[in-house]
Each structure stands twice: as structure tokens, then as C-alpha cells.
Amino acid sequence: MRFVPILVASICLLAASAACADEITFERDGQQINLSGQVIATHEAGIVLHTPDGKMWPIQQDEITNRKRTTDPFRLQTKQELIETVLSEMPPGSQVYETAHYLVAYNTSRPYAQWVAGMLERLHRGFTSYWSQRGVTIHEPKQPLVALVFDNQDNFANYAQAELGDAAKSVIGFYSMHTNYVVMFDLTGGAGDSRRNLGIRDIQRFMSRPDFQWSLATIVHEATHQLAFNSGVQQRFADVPLWFSEGLAIYFETPDVSSSRGWRGIGQISKPRLGQFQKAARGGQPFLPDLLSNDDSLRKAATALDRYSQAWAVTYFLQKRMPDEYDAYLTELSQIAPLNDPPEGARIKMFQKHFGADLLQLESEVREMMSGLRP
Ligand SMILES: [Zn+2]
């Protein structure tokens, strides 16, 4: 009898697809939390735990009170199990609209969820075919991708508060590296329950209005982050330069609501970003070295708009003019493991390895290209 656990343990240790699950107990905000999952990264400061529901938990070493390797193989939840998890996190009465790659959990009207799901599927198709035409290997997500759609901004903000704090009231959607969800609300708003009568065609027409294009771009932007993190382009909690993640998401965000066949918005000129870039360029200060290494400059309100426009401009330039180099750089970035922070200066060296040592020369080429584009 005493050999049985050892035998079971060897099954999950030896089979590459079935690592043994770890049980982790940790304390956070005065609460004890027990989780079972797979430790996918370890650092002297902490770990990242992947749980069967697809969440990833960064946990600091000093929060951990107990850690134990089990003899159960780690496995991700099935689609049905994931649906139950997601519904338990949504307001009562919520439902799930399923498509080939997505679970859209909603407490708004079914046509709206259906419209969101259609848009996400088209983006997925566009994203996949874009990289396969470029010869970049990506993979299908390991679990269905989840989008939460709340009926109004207040219910969205209530949910988002835990992750975003006060910013929850001022954003219209986000992607969470922790939950792996894209979260949004019904943008058709409207008085009372009148929107419940909107059919999918009415919603499509509504969302084609010029004043909704920016909101729509935000949703597509967040859904692109989710795709990048679930197709092998990037790993969650890995030190990928923020300009790269954001530039990539903006490159895909140009919405294309009119087409039902496919996503034609990839790599189009982002008019608001181009306008912002040209405005910032009048100052003339070099931006590239700081953009490559200083993530905070994309986060701070005072510099974020300029920096996002520069992240887009550099991405646009590299994808159009140096696509092979960009793809090789992307591939190297995709291999950075979570919590594996590079030493000072390593980001710039990696960039120079792919695109050349002369950053000022490259920057002047980006500026020249941008000054020739019309917003
Ligand atoms: Zn973003």
C-alpha cells in the first residue's frame, strides 16, 4: 500500500503534460487563502501560481505560510467547469454565450453578448491569420477565452474596483493578467430597458457611429492583449517592455465594424495616435531610449498619451519597414519567463541586437515616416 502514492506521484512528475499540483496557503489583507495549482515561476521574492480556472496569482514569499506538492496532476478546468466558475463571479441571473474560442458571460441583453462574441471571434481570426501569414508561430489558447459584459457602467465599476481601484470609474474596459478576462459593459446604454429590444443589427448600426469608434477601439485593444497573452506572443507577468505590448495592441485596435467577413483594421493608421505623435514631435526631444526602458512613462498620466502614440509609431514603423526583424524580436520576447527580470540596460541591448545600434538614427526615420502620414 505504501507504494501507491509514490507511483501516482511519478505519473504526474514524468508526464510532460501533467505536472503535479502544488497547494499553497498564503495570507493577504488579513485573510488566509488556500489555492491549488501549478507554480509556473519562482523568484527569490515570490512565485506565480496558475490555478485550474486560468487565473495567475503572483504571491510574495513572505505571504506564503504553507506550500506542499501534491500527487494530483495539475489540469485546467474544462469548458463546462470554467462556465460555472465565471458565472459564480457574475451577478445572479447572468448567462454565458459560447462561441468557438470565447465564453461571453453577460447580464445584459443576449443580442449584445452575441454582438461582442462576433467581434471577438473576428478579431481572433484576424490575429491568427495575420501572424500565420507573417510566419510567426502562435498557438490556440489553452482554455476558452472569457469576456465579462456588464449591463451598465456602475455594475462594471463595482466589479472592477477590486482590480483597478478608483480607475474603475474612468475606464470602459480592461484585460486582467490575474483573471485572464476581458471586462466591459453594454455601451448602448440608453434609457431604462429600451436597449433590451435592440437586435444584433440595431447594435451593429449603433456601434458604427463615429462617436463610438474610440470606445470600440478600447475594447478591441484589451481583447488584443488577451490574445497576445494566450497565444504565446507574450507570457503573463513576464518582463516584456510595456511599449511593445501597448504598441502591438494599438496596431490591432483600429476597429472595423462594417465588415462581417473578417478584420480589416489591422495595421491601419491610428488617426488619434498619429495626431498625438505629431503634436509631441514638435518638442523635438529624443524619446526612443526612454520609451524602450521606462514603463512608468506609459503609466503616468502626464506622459501616457505621448508615450502611447510613440509606442504605436515605433510599432507601425518596425512592422512596415523591418517586419522580419520585428518578428525575430517578438519571438525572443515571447520566451521571457514570468518574474525573470533582465538586468539594467538589457532591454536596450536586445532592441539594438534586432534593429541596429543607432537609436537616434532609427528614431529620426520613425519621425520622418510619421511626418509623411496624414491623420
Ligand atoms: Zn493596453
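This report describes salt bridges and domain layout in a predicted model.

## Basis of the model

The model is predicted, and local features require pLDDT of at least 70, side-chain atom pairs count only at pLDDT 80 or more, and totals for chains, interfaces and linings use all residues. Residues are numbered from 1 along each chain as its sequence is written, and side-chain values use heavy atoms, with hydrogens and water left out.

## Salt bridges overall

Side chains of opposite charge can pair when their charged atoms come close. The structure contains 16 salt bridges, a salt bridge being a side-chain nitrogen of Lys or Arg within 4 Å of a carboxyl oxygen of Asp or Glu. Among them is the contact between E98 and K79, described next.

## Strand β6 and helix α2

The side chains of E98 and K79 form a salt bridge with an N to O distance of 3.1 Å. E98 belongs to strand β6 (residues 95-98) and K79 to helix α2 (residues 79-89), so this pair ties together parts 19 residues apart in sequence. Helices (H or I, at least four residues) and strands (E, at least two) are DSSP runs, numbered from the N terminus.

E98 is partly exposed at a relative accessible area of 42%, and K79 is also partly exposed, at 34%. The class limits are under 20% relative accessible area for buried and over 50% for exposed, with partly exposed in between (1.4 Å probe, protein chains only).

## Helices α9 and α11

A salt bridge joins R307 to D290, with the closest N and O atoms 2.6 Å apart. This pair links distant parts of the chain, 17 residues apart: R307 is in helix α11 (residues 301-321) and D290 in helix α9 (residues 288-293). R307 is buried, with a relative accessible area of 12%, whereas D290 is partly exposed at 31%.

## Helices α12 and α13

K353 and E332 meet through their side chains in a salt bridge of 2.8 Å, N to O. Because K353 lies in helix α13 (residues 346-355) and E332 in helix α12 (residues 323-334), the pair ties together parts that are 21 residues apart in sequence. K353 counts as exposed at 57% relative accessibility, while E332 counts as partly exposed at 26%.

## Domain layout

The domain assignment gives domain 1 (20-64), domain 2 (86-211) and domain 3 (271-371); such bounds come from an automatic or database domain assignment. The C-alpha centres of domain 1 and domain 3 are 33 Å apart.
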